[in-house]
Structures are given as structure tokens and as C-alpha cells.
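Student: I would like to learn how to read the packing of a fold. Could you walk me through one?

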Amino acid sequence: MIKRPATAADLPQLIALEAACNPHPWSGRQLEASLAQDSVEVMDKDGQIVAMLVSKSLFGEAEIYLVDTLAAFRRQGLAKQLILGLQAANERIFLEVRASNVAAQHVYAALGFRHIGLRRAYYVCDEGREDALILEWSR
């Protein structure tokens, strides 16, 4: 398993990964824009992208936009590895997580993130809208 920056050649795999992980996935256009202007780190297993983290860092602060791990590779610490790399390079990190995504909340809590706010009706879901918890990590 290799952790590496994504490239434009990875776009088809990033689109497939996002579609497999999210009921309301980012579009190919959004992922393509992130490759151009954000940081996109991936976990690569023999040429297959099995996890990714999309973020933006500026002056020691970062925001995590997206974390995806293929179902068959979950609970192996891949998202944790990606986030630890971001923590090593920043003083503070912010993110939103679905209120219903308890598994992700546990991962973030184990990495030192704390709940600092709520965005009501932030995410689209099959039932309409879902709240997002705002989390922060700092050294």
C-alpha cells in the first residue's frame, strides 16, 4: 500500500471511488477541479486507489473536504494514515461530518478532533437534508 498524491491520470478511479462511497457523490468536474486546486492524497494498492483525502491547506490551517475508503478496505487505518499526514503538516484542521456517520466520528475523535459546531441541513440525503457536525483538531 502506497500513500501518494493523486494525478490527473487517477481521475477515473477517483470518480469511481467517490461513487462507491457516497450516496450523493461529488461530480467528476468537482473532483477534476480538486486535482487542480486542492490536495488530493490517495492510498494505492497495486495500482488501485482504495482511499482518498481531499483537503486544502493554507498557512498552517487545513480543511478536509472529502475522505473516502472502499468498503473492502475499511477498518484498516487507511483514512487515519491520510489524516495523520495532514496533521503533521498543519497546526489546525477543520471538517464537517454527517451527523449519522458515527463510524467516521469515532475515527476523528481518536485522532483528537473535537466537536465545535453544527451546520443544519448541510448534506443532501435520500430523506431530504442532514445536519453536519463541525469538527476541529489543533496541536
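Tutor: Gladly! Let us begin with a term: contact means heavy atoms within 4.5 Å. Keep in mind that this is a predicted model.

Student: Which residues does tyrosine 108 touch, not counting residues up to four places away in sequence?

Tutor: Tyrosine 108 touches Val67, Ile83, Leu95, Val97, Phe113 and Leu135, once residues up to four places away in sequence are set aside.

Student: In what order do the elements run from the N terminus on?

Tutor: The order is β-α-α-β-β-β-α-β-α-β-β, with four helices and seven strands in the protein. As for contacts with a separation of 6 or more, 58% are between residues 24 or more positions apart.

Student: And what does the radius of gyration of the protein agree with?

Tutor: A compact globule of 139 residues would have a radius of gyration near 14 Å; the protein has 14 Å, so the two agree. Its C-alpha trace spans about 40 × 35 × 30 Å along the principal axes.

Student: What share of the residues count as buried?

Tutor: Of the 139 residues, 40% count as buried. The protein exposes about 7800 Å², with carbon and sulfur atoms supplying 53% of it.

Methods. Residues numbered from 1 in each chain as written. Predicted model: local features only at pLDDT ≥ 70, side-chain atom pairs only at ≥ 80, totals over all residues. Heavy atoms only, no water. Helix = DSSP H or I, 4+ residues; strand = E, 2+ residues; numbered from the N terminus. Rg over C-alpha atoms; globule rule 2.2 N^0.38 Å. Buried < 20%, exposed > 50% of the residue type's maximum accessible area, 1.4 Å probe, protein only. Areas by Shrake-Rupley, 256 points an atom, 1.4 Å probe, with all protein chains shown as cover.
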